[in-house]
Each structure stands twice: as C-alpha cells, then as structure tokens.
Amino acid sequence: QVRAVGNVSSNHAALGATIRVTTGDTTRIRHVSGGTGQGCQDPQTVHFGLGDAEVVDQIEVRFPGGETVTYAGPLAVDHRMKLYEDGTIFTYGQDSE
C-alpha cells in the first residue's frame with residue numbers, strides 16, 4: 001500500500017497524483033482521487049497487488065503540483081509506505097511489527 005504526501009508544492013493529500021510501481025517487467029498504475037459520487041470519499045492510500053514479486057524495483061509518483069519523484073529500489077513488498085514529495089520515504093509493515 002502506498003500513500004503519496006504532498007509537502008512541497010502539491011496538496012497534502014496528493015489528490016490527483018499518479019503512482020507507478022515497477023516489479024520486473026511489470027508496471028502497475030494507480031491514481032489518488034478524492035472521491036466518486038455525491039458524498040463519497042476514496043481512501044488516500046492506494047493498494048498494489050504484486051503477485052509473487054519479491055521486491056519493488058521502482059516507484060514513481062507524479063504529484064499534482066507537476067513534480068515527478070522516483071523512489072529507487074529495491075524496496076520491500078508487503079509493507080505500507082508514505083512517499084513524500086520531497087523524496088522522503090517512510091515504510092512500516094512486517095519488519096516494524
């Protein structure tokens with residue numbers, strides 16, 4: 001699971017961000033949206049099903065402020081990550097429990 005956080009020129013929730021996760025030859029894409037429908041709100045954390053991948057090679061986030069930030073791997077799978085617009089990564093999951 002990935003949560004993009006705007007802390008430079010984008011909104012804090014990074015609504016409108018596009019996140020690309022690459023494992024091997026496969027790239028998965030998700031968009032952070034504010035909500036669909038009247039009175040609805042989508043989660044700000046997006047989930048990527050990685051199948052049998054053992055590591056993430058790269059995550060790229062295009063923030064709504066126009067900045068594209070690349071987080072180079074290898075990055076652990078089965079973790080939650082906060083990816084900040086300034087390039088900071090905060091990971092929590094299996095190893096921190």
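User: What makes a residue of the protein chain count as buried, and what percentage of the 97 residues do?

Analyst: In this predicted model, 33% of the 97 residues count as buried. The cut-off for that class is under 20% relative accessible area.

User: How do you know whether the radius of gyration of the protein chain agrees with a compact globule?

Analyst: The rule is 2.2 Å times the number of residues to the power 0.38. With 97 residues a compact globule would have a radius near 13 Å, and the protein chain has 13 Å, so the value agrees. Along its principal axes, the C-alpha trace spans about 40 × 30 × 25 Å.

User: How many helices and strands does the protein chain have, and in what order do the elements run?

Analyst: There are 0 helices and 8 strands.

User: Why are strand 5 and strand 6 called a pair?

Analyst: Pairing requires at least two bridges. Strand 5 (residues 55-62) and strand 6 have 7 bridges in the antiparallel sense, so they meet the requirement. In this pairing, V55 stands opposite A76 of strand 6.

User: Which strands pair with strand 1, and in which sense, parallel or antiparallel?

Analyst: Strand 1 (residues 2-5) pairs with strand 4 (residues 45-46) in the antiparallel sense over 2 bridges. The cut-off is at least two, so this counts as a pair. Here V2 has V46 as its bridge partner. Strand 1 also pairs with strand 7 (residues 79-84), in the parallel sense over 4 bridges. In that case V5 has Y84 as its bridge partner.

User: What makes a residue part of the lining of the largest pocket, and how many residues line it?

Analyst: A lining residue has an atom within 4 Å of a point of the pocket, and 17 residues line the largest pocket. Q1, F48, L50, D78 and H79 lie nearest its centre. The volume of this pocket is about 260 Å³.

User: Which strand gives the most to that lining, and what classes of residue does the lining have?

Analyst: Strand 7 gives the most, with 3 residues. Strand 5 and strand 7 each supply at least two. By class, the lining has 10 nonpolar, 5 polar and 2 charged residues.

Notes:
Residues numbered from 1 in each chain as written. Predicted model: local features only at pLDDT ≥ 70, side-chain atom pairs only at ≥ 80, totals over all residues. Heavy atoms only, no water. 1 Å grid on protein atoms, 1.4 Å probe; cavity = no way out; pocket = protein on both sides within 12 Å on 5 of 7 lines; lining within 4 Å. Points joined across faces, edges and corners; volume = space filled by probe spheres on them. Nonpolar A, V, L, I, M, F, W, Y, C, P; charged D, E, K, R; others polar. Buried < 20%, exposed > 50% of the residue type's maximum accessible area, 1.4 Å probe, protein only.
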